[in-house]
Amino acid sequence: MADPTKAWAWSSANSIAATDTITDPWSVWDDATDPLVASLLENGQIPAVNTAFAAWVNNGDPLPAGLPANLAAYLQQVNTLPSWADPAKLARAAQFNKRMSMYLFLLYGLGSGIMSTVIPREARNVYWSAGGAEMQSRAAKTFTYGYDLAALDAFLPTGHFVVTSNKTRLTHAAVRHLLPQSPQWRAVTNDQDFIPISNGDILVTFHSLGTFVFGKLKAWGIKISAAEEDAFLHQWQVALHLLGVRDDFIPASWAAAKQQSAYVLTPIMAPTPEGINLADVLLGLVAQVDLGVTKGFQREFARYLLSDKVGDWLKLPRDLISRSVIELGWPTYVAFREGLSPIMPTTFSMFDQFVRGLAMLFLNNGTSPSYTPITIPTGNRAA
């Protein structure tokens with residue numbers, strides 16, 4: 001749960017369903033998907049499904065041939081936008097993503113990516129699942145989800161995001177079935193009956209991404225119109241729906257999202273051995289790319305984005321000279337880039353190379369410019 005000392009009290013009156021009920025999202029999983037994927041795993045059908053899925057990339061692609069009949073029937077139902085999706089808002093969100101792309105990739109990659117390692121359930125789930133043993137591949141798949149969402153044609157027939165969401169939703173169902181079979185995962189999980197990746201856990205991930213990023217953009221003084229704010233939220237509302245989150249949990253406004261985030265995300269953040277390991281691996285991947293700054297600068301920027309408390313949890317070494325440069329230079333860099341100040345800071349080129357380098361890492365899915373396939377796992381991390 002969010003805060004173990006509190007019962008869930010967020011009312012769905014503030015959700016897109018506007019039903020004014022109180023339901024604990026940590027007791028809601030994915031009834032439409034979980035039994036299906038469990039049967040595919042138990043019948044040994046997942047490898048053939050992954051092979052068929054390799055050719056299924058664009059939203060407008062027909063479902064691939066050779067899928068089990070029950071999976072094909074399921075996808076025919078879910079492989080579409082919800083009835084309440086607004087094409088005009090999604091188009092506006094795409095333009096906003098393009099305008100904000102440099103900041104988004106920085107915040108998603110170095111901010112949200114590292115924040116995920118101090119969300120205990122998420123860190124343990126990632127570490128002990130199959131993807132935890134191959135973090136470069138796992139990071140590339142995470143990049144794929146974010147890149148596909150940020151693409152101009154994300155929700156159009158030529159885009160990938162609806163297909164990527166369906167594959168991610170199926171992967172979540174597989175992890176729910178597989179992780180409870182891992183003795184290592186059970187050993188670090190307090191509740192032995194716990195099932196991972198509930199609607200509550202997905203909401204936490206949303207707040208570590210969408211709500212966190214939106215808050216940072218506002219805090220940096222970047223000009224965002226009311227229509228852009230609404231469109232950016234709407235994109236995330238559709239994304240949550242596509243991942244199987246119930247509409248009565250999806251915030252209807254940024255104010256509601258901020259309220260929910262303070263309730264579900266902030267109280268649960270804490271270090272774990274798994275998270276410390278994952279953060280070190282993720283920052284190591286970032287350090288493989290020449291960003292024009294030192295490794296110390298990169299880690300100090302992660303602290304700047306997330307707080308020194310989080311940096312201390314993750315045992316990130318200090319670089320106080322870099323921190324001074326960041327605290328003085330970043331606000332002036334943003335102000336100059338956004339046309340809010342005519343004065344170009346002396347550190348402009350350094351920040352620009354750093355941000356552009358992170359953007360290219362994101363755009364290249366952490367590995368290469370090619371599409372990174374999302375595959376459904378058939379096992380857990382060995383040890």
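This is a predicted model: local features need pLDDT of at least 70, side-chain atom pairs count only at pLDDT 80 or more; totals for chains, interfaces and linings use all residues.
## Helix H11

Helix H11 covers residues 226-242. At 1.5 Å a residue, its 17 residues should span 24 Å, and the C-alpha atoms at its ends lie 25 Å apart, which agrees.

Of the 17 residues in H11, 13 are buried, so the helix is mostly covered. Gly244 follows H11 and has a positive phi, near 95°.

## Helices H1 and H8

Two packed helices are described by the angle between their axes and the distance between the axes. For helix H1 (residues 34-42) and helix H8 (residues 161-178), the angle is about 70° and the axes are 9 Å apart. Angles of 65 to 115 degrees count as roughly perpendicular, and H1 and H8 are therefore roughly perpendicular to each other. Their crossing is right-handed.

H1 brings Asp34, Val37, Ala38, Leu41 and Glu42 to the contact, while H8 brings Leu170, Ala173, Ala174, Arg176, His177 and Leu178. Seven of the residues in this contact of H1 with H8 are nonpolar, one is polar and three are charged.

## Helices H14 and H16

Helix H14 (residues 295-306) packs against helix H16 (residues 320-337) at an angle of about 60°, with the axes 9 Å apart. That angle makes H14 oblique to H16. The crossing of H14 and H16 is right-handed.

On the H14 side, the contact is made by Gly296, Phe297, Glu300, Phe301, Arg303 and Tyr304; on the H16 side, by Ser322, Arg323, Val325, Ile326, Glu327, Trp330 and Pro331. The residues of the contact of H14 with H16 comprise seven nonpolar, two polar and four charged.

Note on methods:
Residues are numbered from 1 along each chain as its sequence is written. Side-chain values use heavy atoms; hydrogens and water are left out. Helices (H or I, at least four residues) and strands (E, at least two) are DSSP runs, numbered from the N terminus. The expected span of a helix is 1.5 Å times one less than its number of residues. Buried means under 20% relative accessible area, exposed over 50%, partly exposed in between (1.4 Å probe, protein chains only). Axes are lines fitted to C-alpha atoms, for helices over the stretch in contact, and angles run from 0 to 180 degrees between N-to-C directions. Angles under 35 degrees count as roughly parallel, over 145 as roughly antiparallel, 65 to 115 as roughly perpendicular and the rest as oblique. A crossing is left-handed if the near helix is turned anticlockwise from the far one by less than a right angle, and right-handed if clockwise. Contact means heavy atoms within 4.5 Å. Ala, Val, Leu, Ile, Met, Phe, Trp, Tyr, Cys and Pro count as nonpolar, Asp, Glu, Lys and Arg as charged, and the others, Gly among them, as polar.
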